[in-house]
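Please look through the model below before reading the comments. The points are numbered so that they can be taken up one at a time.

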Amino acid sequence: MANSIVFFSDLKSGRCTSVVEARLLRFWEARNVKRGGELMWMDLLMVDVNGTMMQATISAGRLPEYRGRLIAGSMFTLSGFDVSRAAQNFRLTDSSLMIRFSDMTSFKELPAPVSPLPEEAFRFRNQSELVGLANTSTQLPDVVGEILCVKSTVSDPPEEKNRVMVTMKLDSDETITLSLFDSQAVAFHKQLEAMQVDPKVMVATSINPKMVGGRLFLNATSGTHVYFDKATRAGEVLFYQLVTRDTGLPSVAPLLRSYAKVETMSIAELTSFIVSAATQEIDFLCTGRVVHVDAGRGWCYVACSKCSKKLERSASAFTCVRCNNSHAVGALRYRVEMAICDDTGEATFVWFDGVMAKLHSLRASEAAQMLAEDGVNPEDTGLPPFIAEMEGKTYTFQVRVTAFNFTEHHRTFTITRVAEEHGRLPVDAVINNGGNDDEDDDDPSDETGGKAPDGDEDAGDSASAGGTGSSGKARRNTGAGPSEGVKKSRVV
Ligand SMILES: [Zn+2]
C-alpha cells in the first residue's frame with residue numbers, strides 16, 4: 001500500500017486518500033422515528049493509536065457493502081473517505097470533525113496494526129462536569145459508576161412503552177438516575193435478568209445529561225451502550241475497588257425491581273418521568289409534605305352519578321354530555337389540588353373523591369353540609385377546614401402516572417391511595433377511588449339538586465383518564481374493612 005498512514009488528529013476537511021488504522025469501538029443505527037423507524041445511517045465510533053476518538057457515518061444506501069464487516073472491537077484500515085465538520089450538538093467525540101464513507105472508501109480488517117491500538121476509549125465525565133453539561137445539548141459523554149438500584153417497567157412479554165431507571169453513584173456521594181427507553185430498556189432488563197449475579201458497576205456511553213428539579217438525570221440516546229462490571233477496563237477498576245470495600249453482607253434485595261410492585265420515587269424522579277418518558281400507566285409510592293392547598297381550584301365538583309363526568313348546568317337542571325341526559329343526577333365529589341414537595345422537588349397532585357373521603361372519613365356531601373351557606377353552591381364555598389389543615393403535613397401516598405399527566409399544560413399527578421399522614425401504606429388499604437373509579441360509588445344521598453355552577457375545568461375527563469385500568473386492583477378490596485368506615489361515617 002503506497003498510501004501514507006495518518007492519525008485522526010491529522011485529518012482535514014475534504015477527501016482523504018491517506019490510511020488510518022483504527023479500532024471500531026461501537027456502532028449503532030440512526031433511525032427516523034417520524035418515518036416509521038426508517039434506517040437513515042449507521043454511526044460508528046473509532047479510536048486510533050493515539051487514543052483519539054473519531055465518529056464515522058455510513059449512509060443507509062452504502063451500508064449493505066460494509067454491514068458484515070462491522071464488528072465491535074475489531075481493527076481496520078480505512079482510506080478514501082470524506083472528512084467534514086461534525087454537528088455542534090450532541091457531540092460524540094472531542095474532535096470537531098467526522099468521517100463519511102464514500103463510494104471510494106476502503107475498509108479492511110487489520111489483523112496486526114503497526115502500533116497497538118487501545119482496547120477501549122471513553123469520554124468519562126464526573127458529577128460536576130455532567131452538571132455543567134446538563135441541558136446544553138452540546139455533548140453526549142460517558143459515565144462509569146456503581147449501580148445501586150434498578151427500576152424497570154419491562155413486563156414479560158414486553159409491552160409497547162418501556163423504561164428502565166438505574167440509580168448510580170458516580171464519583172461523588174450523590175446518586176444520579178440514568179433512564180433507558182423502549183428497546184434499550186428491554187435489552188437492559190433482559191441482560192440483567194440473564195445474569196447470575198447482580199452487577200456492581202456500569203459503564204454507559206453517549207448519555208444526555210439533564211437537570212430536573214435541581215437534580216442530575218442522564219437519558220440514554222440511540223448511541224448509548226452499556227457494559228457491566230469487568231466488560232471494560234474502566235469498569236473493572238471500579239469493580240475491584242468496590243469488591244475490596246465490600247462488607248461481605250448479603251445484598252439487601254435483587255437489583256432488578258419492577259415498577260409494577262409500586263416503587264418508591266422522589267418527586268424529582270416523578271417529574272423527570274413526565275419530562276422524558278413514555279405514556280404508560282404506572283403506580284409509584286411517594287412521601288411528601290403539603291406545601292400549599294390550591295383553594296383557587298376549589299375542593300369539589302358535581303359529577304354525573306352515572307358516569308362521573310362533571311355536569312353542566314342548564315336552566316334548572318344538570319346536563320351530562322356524556323350520558324346525553326339533560327336531567328342527570330348529580331353527586332358531589334372531592335377534587336383537590338395540592339403542591340407537595342420532598343427534598344428533591346415539588347409537583348402538583350390531585351386528590352379525588354375516594355382517597356379524600358377515606359383519609360378524612362367524610363364524604364364530600366357531608367363536608368358540604370358542614371360548610372353550607374345560604375345561596376352558595378358547595379363548589380363555591382371555601383376549603384373545608386380539614387382540607388386546609390393538610391398544609392404542612394407529610395403523607396405517604398401512591399401516585400398513578402397516566403397518559404393524562406403528559407398531555408396537559410397543567411401537569412398533575414393523581415393520588416390513588418394514601419397512608420394516614422406519614423406512615424406505612426396498609427397492605428390491604430386499596431380503596432375505591434371515587435372520581436377515579438366511578439361506577440360503583442354512586443349514592444343518591446349525594447344528590448345536590450339543580451345548583452351546579454359552570455366550570456371551566458373538566459374534572460370529569462381527568463377522572464376518567466385516571467380511572468382506566470385502575471379498576472381491577474382498586475375494586476378487589478372494596479368493601480373490605482378499611483373502606484367500610486367511609487361508608488358509615490356521618491357528620492353528627
Ligand atoms: Zn353521565
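This is a predicted model: local features need pLDDT of at least 70, side-chain atom pairs count only at pLDDT 80 or more; totals for chains, interfaces and linings use all residues.

Residues are numbered from 1 along each chain as its sequence is written, and side-chain values use heavy atoms, with hydrogens and water left out.

1. Helix α6. The helix covers residues 353-360. Helices (H or I, at least four residues) and strands (E, at least two) are DSSP runs, numbered from the N terminus. Seven of the eight residues of α6 are buried, so the helix is largely enclosed by the rest of the structure. Buried means under 20% relative accessible area, exposed over 50%, and partly exposed in between (1.4 Å probe, protein chains only). The buried residues of α6 include Asp 353 and Lys 358 as well as Val 355, Met 356 and Leu 359.

2. Other positive phi values. Most residues other than glycine have a negative phi. Asp 229 has a phi near 40°, a positive value; this residue is found in the loop between β14 and α4 (233-245) and counts as buried at 13% relative accessibility. Asn 324 also has a positive phi, near 55°. Asn 324 lies in the loop between β20 and β21 and is exposed, at 71% relative accessibility.

3. The ideal angle for four tetrahedral donors is 109.5 degrees.

4. Cys 307 sits in the loop between β18 (300-304) and β19 (312-313), and Cys 323 in the loop between β20 (318-319) and β21 (330-342), so the pair ties together parts that are 16 residues apart in sequence. Cys 307 is buried, with a relative accessible area of 12%, whereas Cys 323 is partly exposed at 33%. Cys 304 is buried at 2%.

5. Other cysteine matters. The structure holds zero disulfides, a disulfide being a pair of cysteine sulfur atoms within 2.5 Å. Cys 300 is buried, with a relative accessible area of 8%.

6. Strand β6 and its partners. Strand β4 (residues 53-59) pairs with strand β6 (residues 97-100) in the parallel sense over three bridges. Two strands pair if DSSP finds at least two bridges between them. Ala 56 stands opposite Ile 99 in β6. Strand β5 (residues 75-85) runs antiparallel to β6, with four bridges joining them; here Ser 84 has Met 98 as its bridge partner.

7. Strand β8. Eight of the 10 residues of β8 (residues 143-152) are buried, so the strand is largely enclosed by the rest of the structure. β8 runs antiparallel to β11 (residues 201-204), joined by four bridges, with Val 143 opposite Ala 204. β8 is also antiparallel to β9 (residues 163-169), joined by six bridges; the partner of Ile 147 in β9 is Met 168.

8. A buried strand residue. Val 401 lies in strand β23 (residues 394-401) and is buried, with a relative accessible area of 0%. The C-alpha atoms of Val 401 and Leu 270 are separated by 8.5 Å, although the two residues are 131 residues apart along the chain.
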